[in-house]
Each structure stands twice: as structure tokens, then as C-alpha cells.
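Trainee: I would like to learn how to read a protein model. Could we go through one together, feature by feature?

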Amino acid sequence: MSKVWICQNKTADIPFLVEEQRVNLYSLEELCYYLYHNIDVIEESFLDERLFVWLEQELNLKALCEKLRKGIAQGQNGFWCMEVLLWESGYYTKKELEAVQETVSRMVQAKPEERGKLRADRMLLDGKYKRAVRAYQQLLLQEVPDRLLESRIWHNMGTAYARQFLFERAAECYERAYTMGRMEESRQQYLMACACAEKENSLENTVTSENKELRQVKEQEGILRYEEEMYQRLEQLTEEYMRSE
């Protein structure tokens, strides 16, 4: 069962806008919830002076901001600020905060291209397929020294295309992924995307052919004959659908 959070701090009159995801945050609780559930994709730059000013002016958390600024001045990074905020909220257990620390430690050690892939993967999981494709493309414009990582980027970009029913582009990505990484999953998805693209092209050709025939009926035999033909084809499609169920 999910937790029910009761906001104990002031609610902001002006929300903090998370520009990348177009999300407005109105309280410390909402901020901490966002941080906790996006900890693997948040950049250090998220926890900057803009956020501190908002916490100070809108939520009146002056002591907390003083602590954060002092830590930054002493050489702490943005991930440390994230841990402090989650601890100060009081809504997470010791076990949950330990898991956060493990994730933060992994993120600090991760290479920039690995963090970039994680952010693009999150867009893919959230159903933001076009944004995910752009993010993967930006990564591939840079030099990715890890061949297996590059293979996974191509694979996931193929998935983003496939979710948009762009099967030919998806097949190209899966083929590139398999060529580089030899992952069996990429090979299977490549074959599936090729099959879907072939079926889609076949259906388009069928529809185009039928449309030409219907136009000829309408021009040569009149509107009544055209409507009769349309009705018959509709009945035929309905029967075929019922048989396939």
C-alpha cells in the first residue's frame, strides 16, 4: 500500500518548475518525492542556487538552505544536497535512505554517457518516445567508448521507434545494436520489427488498391452503388474480425 504524506511545511505560492519534465512542485514533500523516484536520472545541476532560493523564499526553509549552501562551500556536491533534503523531510526510513546512498554512489561513479542513457531510458519508460529518441541520438553523436553500451543505446532507440509504430526505423536500430553487441534480444526484436514493417506495407498496399476500386465504382456506377459496395465490405471486415476473436 502506498504511503499517505501529510504536508507539514508551508506550501509555495509559486511552484518550482522542473523544466525537463514540465512538473510543478509546491512543497518540500513533493520535492522529496520527486527526488526519491527520479534519483537515478537527476543531474547534480538540478540542486543549485535556483532551488535553494525557492526553498528559502517560498517555503521559508532558511536554516535548511544555510546548511546546503555551507556544504557546497565546503566542497560537497549536489548528490549530498539530495541526501540532506531526503533526510530532513523525515518521510523515508533508514533502509530507504541507505538504498538512496547506494544509488547516489553508483551515479557518482558512472560515466556521463551512462547517466545520459539512464535519463533517456526513463523517458522511454514514461512513454515520452520522441524525446527518448532525441536523447539517444544526442548520445550517439558523441563518442561512446563502450561498445556494449552503444549497442544498448541503439537497441533502446529501436524500442522507442517501435512504440511509435515506426517499424522500419526500429529494425535499422535493432540491426545496428545486434551487429555491435551480438545480444540475442536485439536479433529477436530486429526480426519482429521487420515482420511488422512488412505487414504494415502489405496492408497499405491493400488499402490503396481497394480505395482505387471504390473510386471507380463511385465515378462509373453512382453514389448508391458506391454505398452498397462500402456496406458489403464493412460486413465482410466485421465477419473476419469476429472469426479472429
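Trainee: Is Phe165 buried or exposed?

Mentor: Let me start with the ground rules. This is a predicted model, in which local features need pLDDT of at least 70 and side-chain atom pairs count only at pLDDT 80 or more, while totals for chains, interfaces and linings use all residues. Residues are numbered from 1 along each chain as its sequence is written, and side-chain values use heavy atoms, with hydrogens and water left out. Now the idea: buried means under 20% relative accessible area, exposed means over 50%, and partly exposed is in between (1.4 Å probe, protein chains only). Phe165 has a relative accessible area of 55%, so Phe165 is exposed.

Trainee: And why does Phe167 count as buried?

Mentor: Because the relative accessibility of Phe167 is 14%. In the chain of 245 residues, buried ones make up 36%.

Trainee: How many helices and strands are in the chain?

Mentor: Helices (H or I, at least four residues) and strands (E, at least two) are DSSP runs, numbered from the N terminus. Here the chain has eleven helices and two strands. Along the sequence the pattern reads β-β-α-α-α-α-α-α-α-α-α-α-α.

Trainee: How many aromatic pairs does the structure hold?

Mentor: Rings of Phe, Tyr and Trp (its six-membered ring) pair if their centres lie within 6.5 Å; planes under 30 degrees apart are stacked, over 60 edge-to-face, and the rest tilted. This structure holds five such pairs. One of them joins Phe16 and Phe46, edge-to-face, at 5.8 Å centre to centre with 85 degrees between the planes. That pair links distant parts of the chain, 30 residues apart: Phe16 is in strand 1 (residues 16-18), and Phe46 is in the loop between helix 1 (28-37) and helix 2 (49-58). Both Phe16 and Phe46 are buried.

Trainee: Why is the pair of Phe165 and Phe167 edge-to-face?

Mentor: Their ring centres are 6.0 Å apart and their planes stand at 80 degrees, so the pair gets that label. There is also an aromatic cluster, formed by Phe16, Tyr34, Phe46 and Trp54.

Trainee: Which residues lie nearest the centre of the largest pocket?

Mentor: Picture a 1 Å grid over the protein atoms alone: a pocket is an open set of points with protein on both sides within 12 Å along at least five of seven lines, and lining residues have an atom within 4 Å of a point. The largest pocket is lined by 18 residues, and Val18, Glu20, Tyr34, Glu43 and Phe46 lie nearest its centre. Helix 6 (residues 112-125) gives the largest share of that lining, three residues.

Trainee: Which residues does Thr159 touch?

Mentor: Contact means heavy atoms within 4.5 Å. Not counting residues up to four places away in sequence, Thr159 touches Leu124 and Tyr174. Thr159 sits in helix 8 (residues 147-162) and counts as buried, at 13% relative accessibility.

Trainee: Where does Lys10 lie?

Mentor: Lys10 is in the segment before strand 1. With 39% relative accessibility, Lys10 counts as partly exposed. Lys10 touches Tyr26, Ser27, Glu58 and Leu59, again leaving out residues up to four places away in sequence. Lys10 and Leu55 are 45 residues apart in sequence and 10.0 Å apart in space, C-alpha to C-alpha.

Key
1 Å grid on protein atoms, 1.4 Å probe; cavity = no way out; pocket = protein on both sides within 12 Å on 5 of 7 lines; lining within 4 Å.
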